[in-house]
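Please keep the sequence and the model in view while reading.

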Amino acid sequence: MTPLLSVRGITKRYGTHIGCADVSFDLYPGEVMGIVGESGSGKSTLLNCMAGQLVPDAGEVVFDTRANGPQNTVTMSEPERRMLSRTDWAFVHQHACDGLRMGISAGGNVGERLMAVGERHYGDIRGDAKDWLQRVEIDAARVDDRPTTFSGGMQQRLQIARNLVTGPRLVFMDEPTGGLDVSVQARLLDLLRGLVRDMNLSAIIVTHDLAVVRLLADRLMVMKSGRVVEAGLTDQILDDPQHAYSQLLVSSVLQV
Amino acid sequence: MIELNNISKTFTLHNQGAAVIEVLSDVSFSVEPGECVALTGASGAGKSTLMRMIYGNYLARSGEIRIGDVDIVRSEPRTIIALRREVLGYVSQFLRVVPRVPTVNVVSEPLRAVGVSATDAKARAEALLLQLNIPERLWALSPTTFSGGEQQRVNIARSFAHTYPAMLLDEPTASLDATNREVVLQLIEEAKARGTAIIGIFHDKAARARVCDREIDVSQFSPEVAA
């Protein structure tokens with residue numbers, strides 16, 4: 001089977017400081033991978049390098065595109081990369097306001113992604129938008145309301161609808177449940193699990209919440225000071241961590 | 001179906017003076033389809049550790065663990081996940097679920113994961129919940145607020161929803177009353193009759209005597225005895 005995403009030797013420096021160094025892995029269709037580590041460990045830098053939002057200093061990111069098979073997204077042209085980010089990729093930001101247009105309606109937010117891939121029929125776009133609002137448990141009657149009138153959890157679900165409406169194959173998530181009320185988190189996690197299964201999505205989730213990765217991720221990468229110190233099956237790393245830092249991370253979680 | 005060759009396990013506690021604890025060494029045995037093997041030994045002998053290694057939850061230091069033709073010790077995460085989805089079931093002692101998901105969905109999820117339709121998965125889940133005496137009014141609620149015994153029965157229903165060719169049972173009859181214990185023992189007997197290879201930990205001696213074909217005393221694998 002061809003990996004959906006193949007990352008080789010990704011390195012990003014900020015001056016003399018290392019963002020992330022020499023990260024390599026393969027992600028297969030339908031796999032969900034978590035990246036954990038303390039703040040400053042380089043997990044968001046890595047995510048942004050993979051999603052084409054930062055240019056790495058070294059290494060390649062090969063994505064198996066729907067149209068042309070495996071392509072190195074680091075060296076492809078900007079228009080090609082932008083097209084990928086509207087079709088095959090989705091990016092869910094920690095703060096919904098970074099991933100939404102707060103000045104236009106909820107329906108407009110979802111519809112915009114559809115128009116970007118060529119949809120033109122107003123009725124169809126509005127219909128799809130309403131359908132997606134319902135799939136993420138937002139009342140379709142709110143289709144004309146702006147996201148500024150939504151709660152934090154609703155905004156996050158709207159961001160997910162906006163991202164998934166074009167049927168992407170790879171979703172990048174940066175702390176998708178961070179900053180949400182725990183009860184809202186649980187509902188969002190259940191929603192994400194269902195969507196990942198039903199749409200056979202692959203996902204890369206950056207988080208510092210080990211409970212979130214246990215529930216969502218099949219496999220895990222633990223990062224420290226820009227490097228991957230341990231990688232493997234999620235429950236194996238959480239229950240039998242091998243590296244000193246992973247042991248520290250797992251044993252530092254407060255028991256409820 | 002399940003074959004262990006020269007498995008050993010140590011825990012290295014890097015943050016506690018790099019203490020190295022040797023738990024098991026040189027474990028070798030195999031389980032045939034339709035056979036049920038009990039792991040015995042005092043508390044701390046390494047029964048659960050061994051079982052967790054077979055599930056891929058703990059990493060063996062050396063040796064190989066074959067489930068069908070997959071070596072758990074050296075497999076990629078996605079191979080182990082596919083194996084757990086289709087071949088290898090595990091009844092843990094505790095139920096771990098996403099909060100707020102209804103019990104009937106928790107039980108039908110393993111079937112949905114192997115591609116069974118939502119309707120058929122729900123029907124099978126409801127049949128199991130009925131068989132395990134979970135009152136129907138609880139099916140739409142999340143099991144997180146259930147009693148210990150109820151949670152254990154939901155856990156068992158979930159693990160027996162899909163018919164795995166290999167199963168690991170960690171005290172499946174603990175915290176159950178006589179009626180439900182009987183139901184669980186019947187589920188185990190049915191699985192054996194289907195040809196499922198089973199490894200179990202049973203503190204309940206009568207249950208062990210009834211469903212297990214042989215016993216393996218795990219304390220024989222402790223490094224002190226071997227040395």
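This is a predicted model: local features need pLDDT of at least 70, side-chain atom pairs count only at pLDDT 80 or more; totals for chains, interfaces and linings use all residues.

Is the crossing of H4(A) and H5(A) left-handed or right-handed? It is a right-handed crossing.

**Helix packing in chain A**

- Helix H4 of chain A covers residues 106-116 and helix H5 of chain A covers residues 122-135; their axes come within 9 Å and cross at roughly 120 degrees.
- The two helices, H4(A) and H5(A), are therefore oblique to each other.
- On the H4(A) side, the contact is made by A:Ala106, A:Gly107, A:Val110, A:Gly111, A:Leu114 and A:Met115. On the H5(A) side, the residues they meet are A:Ile125, A:Asp128, A:Ala129, A:Trp132 and A:Leu133.
- Sorted by class, the residues of this contact between H4(A) and H5(A) are eight nonpolar, two polar and one charged.

**Helix packing in chain B**

- Helix H3 (residues 103-113) of chain B packs with helix H5 (residues 148-161) of chain B at an angle of about 25 degrees, and their axes are 7 Å apart.
- Angles under 35 degrees count as roughly parallel, so H3(B) is described as roughly parallel to H5(B).
- The crossing in which H3(B) passes H5(B) is right-handed.
- H3(B) contributes B:Thr103, B:Val106, B:Val107, B:Glu109, B:Pro110 and B:Leu111 to the contact, and these meet B:Val154, B:Ala157, B:Arg158 and B:Ala161 of H5(B).
- The contact of H3(B) with H5(B) comprises seven nonpolar, one polar and two charged residues.

**The sheet of chain A**

- Chain A has an open sheet of six strands in the order S6-S7-S8-S3-S9-S10, and the pairing is mixed.
- Its edge strands are S6 (89-92) and S10 (227-233) of chain A, each of which pairs on one side only.
- From one strand to the next, the twist averages 15 degrees.
- Strand S7 (residues 170-174) and strand S8 (residues 202-206) of chain A run parallel and are joined by five bridges. Within this pair, A:Leu170 stands opposite A:Ser202 in S8(A).
- Helix H6 (residues 152-164) of chain A packs on the sheet and touches S6 and S7 of chain A. The direction of H6(A) makes about 170 degrees with that of S6(A).

**The sheet of chain B**

- An open sheet of four strands in chain B has the order S2-S1-S4-S5, with antiparallel pairing.
- S2 and strand S5 (70-71) of chain B are the edge strands, each pairing on one side only.
- Strand S1 (residues 2-13) and strand S2 (residues 19-31) of chain B run antiparallel and are joined by nine bridges. The bridge partner of B:Phe11 is B:Ile21 in S2(B).
- S1(B) and S2(B) form a hairpin with five residues between them, and B:Gly17 in the turn has a positive phi of about 70 degrees.
- S1(B) also pairs with strand S4 (residues 62-67) of chain B, in the antiparallel sense and over five bridges.
- Opposite B:Glu64 in S4(B) stands B:Asn5, while B:Glu3 stands opposite B:Arg66 in S4(B).

**Annotation from a record**

- For residues 5-250 of chain A, an unreviewed UniProt entry lists "domain: ABC transporter".
- The end C-alpha atoms of residues 5-250 of chain A lie 28 Å apart, and the span is 39% helix and 26% strand.

Key:
Residues are numbered from 1 along each chain as its sequence is written. Chains are lettered from A and ligands numbered from 1 in the order in which they are written. Side-chain values use heavy atoms; hydrogens and water are left out. Axes are lines fitted to C-alpha atoms, for helices over the stretch in contact, and angles run from 0 to 180 degrees between N-to-C directions. Angles under 35 degrees count as roughly parallel, over 145 as roughly antiparallel, 65 to 115 as roughly perpendicular and the rest as oblique. A crossing is left-handed if the near helix is turned anticlockwise from the far one by less than a right angle, and right-handed if clockwise. Contact means heavy atoms within 4.5 Å. Ala, Val, Leu, Ile, Met, Phe, Trp, Tyr, Cys and Pro count as nonpolar, Asp, Glu, Lys and Arg as charged, and the others, Gly among them, as polar. UniProt positions are given in the numbering used here, feature names are shortened, and annotations may be inferred rather than shown by experiment. Two strands pair if DSSP finds at least two bridges between them.
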